[in-house]
Amino acid sequence: MTNSRLFFPSISVLLCCLSTALNAAPESLRRYGSTKASEHLLIRGTTDIALFDSVLLGFAQSNPSLGITYEQWGSNELYDLGVAACAGIAESADLIISSSVDQQVKLVNDGCAQPHVSYETSTLPASLNWRNEVFGITREPAVIVYNRKLVPAKDIPKSRFELIDLLRADRRYNGRVATYDIEQSGLGYLFAFVDSLQATTFGSLIEAFSQSKAVTTCCSAEIIDGVASGKYLIAYNVLGSYALARSAAEPNIGIVAPSDYTLVLSRAALIPRRARNPVMAGQLVDFMLSGAGRTALHQQFLYMDGPDLGDQDPAAMGTGTANLKPIQLSPVLLIGLDDQRRAHFISLWRGTFSRAHSDSP
């Protein structure tokens, strides 16, 4: 992978992103700070406002002259809007924070970000700071979620191997196992593609999903709601922060960090090239990387110092830090976004999860 920058996306990409910029709206919006603030910061992100609220409240309180607008977007729409803003055909955010870190790396590679250097960013490992333009700010495992009341202890899959064996052997789980729809969810695509690089399990896993008529749906909240209600018995590759936050109030939710390997995601923050307030955006990045910011993130399960999964039953959890696989912010992630490779992977996914077995959004 070269370090060349492609400042202008293709015409077809721009047209797609222009359509998004003109027609889409954020899923949610919240404002922080004084309504008479002399300075403003526009943040666009994929993190649910409820989880990110304490971070933005803390930053606003430490900057009384600042007004903050946070827009919550779906990952694919957020990326399209970022491309359109980079090309000057949509309003730019001052900071973009996304769980679809491959798309963030793509924006950096295409010249759509600007650098930020500080003491806080210098403390990040190289795997979470690429070109001083994209920064990993959280630490969240991808987990297996199950319904504690409806899944017997003997059936709780502690690894992908056990999940495969369970789905092959027990028809009770047919149509009641869920994961992300990778065409709707950029995060879902990222997790699935990284899984596909693990040759020992991926082929068997998607075969088991197909045989058991597993279903796909758009997003973490829908998947976890389905498990909590008993619509789904097991959900695969769910972002642990959302699962842990929900399990704190929902005793039916059980969580497993797979013992064969557990992917660890760091949401990526970047300052767009056309940001109007890059200085304050950089200060927010620094705040999130500081002790106070990480405490706020940790309280919402967005920053975990290790494979700490709260008060889950150790007998139902995966094991060991040696099996954590952090997703690095690097050009390697661009492989999965290659048009031909992406089209082939989505075709494979569609063949596994037919429309008849998929939930509508």
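Guide: Glu-207 has a relative accessibility of 38% and counts as partly exposed, a class that lies between buried (under 20% relative accessible area) and exposed (over 50%), with a 1.4 Å probe and protein chains only. The model is a predicted one, in which local features need pLDDT of at least 70 and side-chain atom pairs count only at pLDDT 80 or more, while totals for chains, interfaces and linings use all residues. Residues are numbered from 1 along each chain as its sequence is written, and side-chain values rest on heavy atoms, with hydrogens and water left out.

The side chain of Glu-207 meets that of Arg-168 in a salt bridge, at 3.7 Å from N to O; the term requires a side-chain nitrogen of Lys or Arg within 4 Å of a carboxyl oxygen of Asp or Glu. Because Arg-168 belongs to helix α6 (residues 160–169) and Glu-207 to helix α8 (residues 202–211), the pair ties together parts that are 39 residues apart in sequence. Helices (H or I, at least four residues) and strands (E, at least two) are DSSP runs, numbered from the N terminus. Arg-168, at 46% relative accessibility, is partly exposed.

A further salt bridge joins Glu-183 and Arg-350, whose closest N and O atoms are 2.7 Å apart. Glu-183 sits in the loop between β9 (177–180) and α7 (186–196), and Arg-350 in helix α13 (residues 339–352), so this pair ties together parts 167 residues apart in sequence. Both ends are partly exposed: Glu-183 has 35% relative accessibility and Arg-350 has 45%.

The bridge between Arg-44 and Glu-91 has its closest N and O atoms 3.9 Å apart. Here too distant parts of the chain are linked, with Arg-44 in strand β2 (residues 39–45) and Glu-91, 47 residues apart from it, in the loop between α3 (75–86) and β4 (95–98). Arg-44 is buried at 6% relative accessibility, whereas Glu-91 is partly exposed at 43%. These two residues also belong to a network of salt bridges that links Arg-44, Glu-71, Glu-91 and Arg-276. In the whole structure, a search finds 14 salt bridges.

Strand β2 leads on to Thr-46, which is found in the loop between β2 and α2 (49–61). Thr-46 is buried, its relative accessible area being 9%. Neighbours within four places in sequence aside, Thr-46 is in contact (heavy atoms within 4.5 Å) with residues including Tyr-70, Trp-73, Ser-75, Ile-97, Tyr-242 and Arg-267.

Helix α3 also packs against another helix. The axes of α3 and helix α4 (residues 101–109) come within 10 Å and cross at roughly 5 degrees; axes are lines fitted to C-alpha atoms, for helices over the stretch in contact, and angles between N-to-C directions run from 0 to 180 degrees. The two helices are therefore roughly parallel, the word for angles under 35 degrees; over 145 is roughly antiparallel, 65 to 115 roughly perpendicular and the rest oblique. On the α3 side the contact involves Ser-75, Asn-76, Tyr-79, Gly-82 and Val-83, and on the α4 side Gln-103, Lys-106 and Leu-107. By class, the residues of this contact are three nonpolar, four polar and one charged; Ala, Val, Leu, Ile, Met, Phe, Trp, Tyr, Cys and Pro count as nonpolar, Asp, Glu, Lys and Arg as charged, and the others, Gly among them, as polar.

Most residues other than glycine have a negative phi. Arg-131, not a glycine, has a positive phi of about 60 degrees, and Asn-132, also not a glycine, has one of about 55 degrees. Arg-131 is partly exposed at 22% relative accessibility, and Asn-132 is partly exposed at 30%.

As to the chain as a whole, there are 13 helices and 15 strands. Of its 361 residues, 57% are buried. Among contacts with a separation of 6 or more, 83% join residues 24 or more positions apart.
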